Amino acid sequence: MDADLIALSESVAVPCRQHRLLLATAESCTGGWVAQVITHTAGSSAWFDRGFVTYSNEAKVGMLGVSVETLAEFGAVSLETAADMASGALNNSNAMFSLAITGIAGPTGGSPGKPVGTVCFAWCRRGEKADAETRQFAGDREAIRRQAVIHALQGLLRRLEAI
């Protein structure tokens with residue numbers, strides 16, 4: 001684990017411990033990398049509840065309750081799906097905050113409307129509507145996934161620090 005990711009996880013731990021918050025993650029293209037970064041931090045069991053790796057559409061529906069209609073209308077890589085994933089992570093955990101990531105890490109799978117490097121994120125606090133956004137990252141598969149992990153954790157940290 002590199003020093004930047006370790007530092008980011010340790011930064012997320014501070015407001016979680018301070019406010020006694022549990023987190024949950026719902027990941028697709030990052031394959032559990034955010035959960036791996038978080039659980040690398042000693043003591044993270046005090047603030048990390050669980051992570052869902054929902055790579056297939058069937059997993060998104062079955063584990064997180066993403067609607068088949070949302071997937072059909074907007075696709076797996078969409079703000080709507082990311083928001084449903086974040087909400088689903090809360091609905092299926094004890095967490096108070098969640099984050100979700102779904103994207104196209106490549107090298108294949110892109111389209112003109114959603115090129116490789118397109119990643120959708122959502123963050124959700126229990127009882128509130130998910131906050132979702134899309135980013136475009138450059139690089140190879142590993143670089144795109146790493147940038148997505150960093151962006152997701154930085155976005156979470158901003159939201160936690162605003163409590």
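Student: How should I class Arg20, as buried or exposed?

Tutor: Arg20 is exposed, because its relative accessible area is 79%. The classes use a 1.4 Å probe and protein chains only: buried is under 20% relative accessible area, exposed is over 50%, and partly exposed is in between. The model is predicted, so local features need pLDDT of at least 70 and side-chain atom pairs count only at pLDDT 80 or more, while totals for chains, interfaces and linings use all residues. Numbering starts from 1 along each chain as its sequence is written, and side-chain values use heavy atoms, with hydrogens and water left out.

Student: Where does Arg20 sit, and what is its phi?

Tutor: Start with the rule. Most residues other than glycine have a negative phi, and most peptide bonds are trans. Arg20 has a positive phi, near 55 degrees. Arg20 lies in the loop between H1 and E1. Such labels come from DSSP runs, numbered from the N terminus: helices are H or I with at least four residues, strands are E with at least two.

Student: Which peptide bond is cis?

Tutor: The one from Gly106 to Pro107, with omega near 5 degrees. Pro107 is in the loop between E3 and E4.

Student: Next, the core. How many residues does the largest nonpolar core have?

Tutor: A nonpolar core joins buried Ala, Val, Leu, Ile, Met, Phe, Trp, Tyr and Cys residues through side-chain atoms within 4.5 Å. The largest one here has 32 residues. Val12, Leu23, Ile101, Leu153 and Leu156 have the most contacts inside it. Helix H1 (3-19), helix H2 (33-40), strand E3 (97-103), strand E4 (118-125) and helix H6 (141-161) each supply at least two residues of this core. H6 gives the most, with 9 residues. Another core, of 20 residues, lies apart from this one; Val66, Ala82, Ala89 and Cys124 are among its members.

Student: What is Val12 in contact with?

Tutor: Contact means heavy atoms within 4.5 Å. Leave aside neighbours within four places in sequence, and Val12 is in contact with Leu23, Trp47, Leu153, Leu156, Leu157 and Leu160.

Student: And Ile101: buried or exposed?

Tutor: Buried, because its relative accessible area is 0%. Ile101 belongs to strand E3. Beyond four places in sequence, its contacts include Val34, Met85, Phe121, Ala148 and Ala152.

Student: Which residues of H2 are buried, and against what do they pack?

Tutor: Trp33, Val34, Ala35, Val37 and Ile38 are the buried residues of H2. They pack against H1, strand E1 (23-27), strand E2 (48-53), E3 and H6.

Student: How do I read the aromatic pairs?

Tutor: A pair of aromatic rings is described by the distance of the centres and the angle of the planes. Rings of Phe, Tyr and Trp (its six-membered ring) pair if their centres lie within 6.5 Å; planes under 30 degrees apart are stacked, over 60 edge-to-face, and the rest tilted. By this rule there are 2 aromatic pairs. Phe121 and Trp123 have ring centres 5.9 Å apart and planes at 5 degrees, so they are stacked. Phe121 and Phe137 are edge-to-face, at 6.1 Å centre to centre and 85 degrees between the planes. Phe121 is in strand E4 and Phe137 in the loop between strand E5 (131-136) and H6, so this pair ties together parts 16 residues apart in sequence. Ring pairs link Phe121, Trp123 and Phe137 into a cluster.

Student: Is Phe137 buried or exposed?

Tutor: Phe137 counts as buried, because its relative accessibility is 13%. Phe121 and Trp123 are buried too.

Student: Last, how much space lies in the largest pocket?

Tutor: Rolling a probe the size of a water molecule over the atoms shows where empty space is left. On a 1 Å grid over the protein atoms alone, a pocket is an open set of points where a 1.4 Å probe fits, with protein on both sides within 12 Å along at least five of seven lines; lining residues have an atom within 4 Å of a point. Grid points are joined across faces, edges and corners, and the volume is the space filled by probe spheres set on the points. The largest pocket holds about 260 Å³ of space. Of its 17 lining residues, Val77, Gly103, Ile104, Ala105 and Gly109 are the closest to its centre.

Student: What classes make up that lining?

Tutor: The lining has 6 nonpolar, 8 polar and 3 charged residues. Here Ala, Val, Leu, Ile, Met, Phe, Trp, Tyr, Cys and Pro count as nonpolar, Asp, Glu, Lys and Arg as charged, and the others, Gly among them, as polar.
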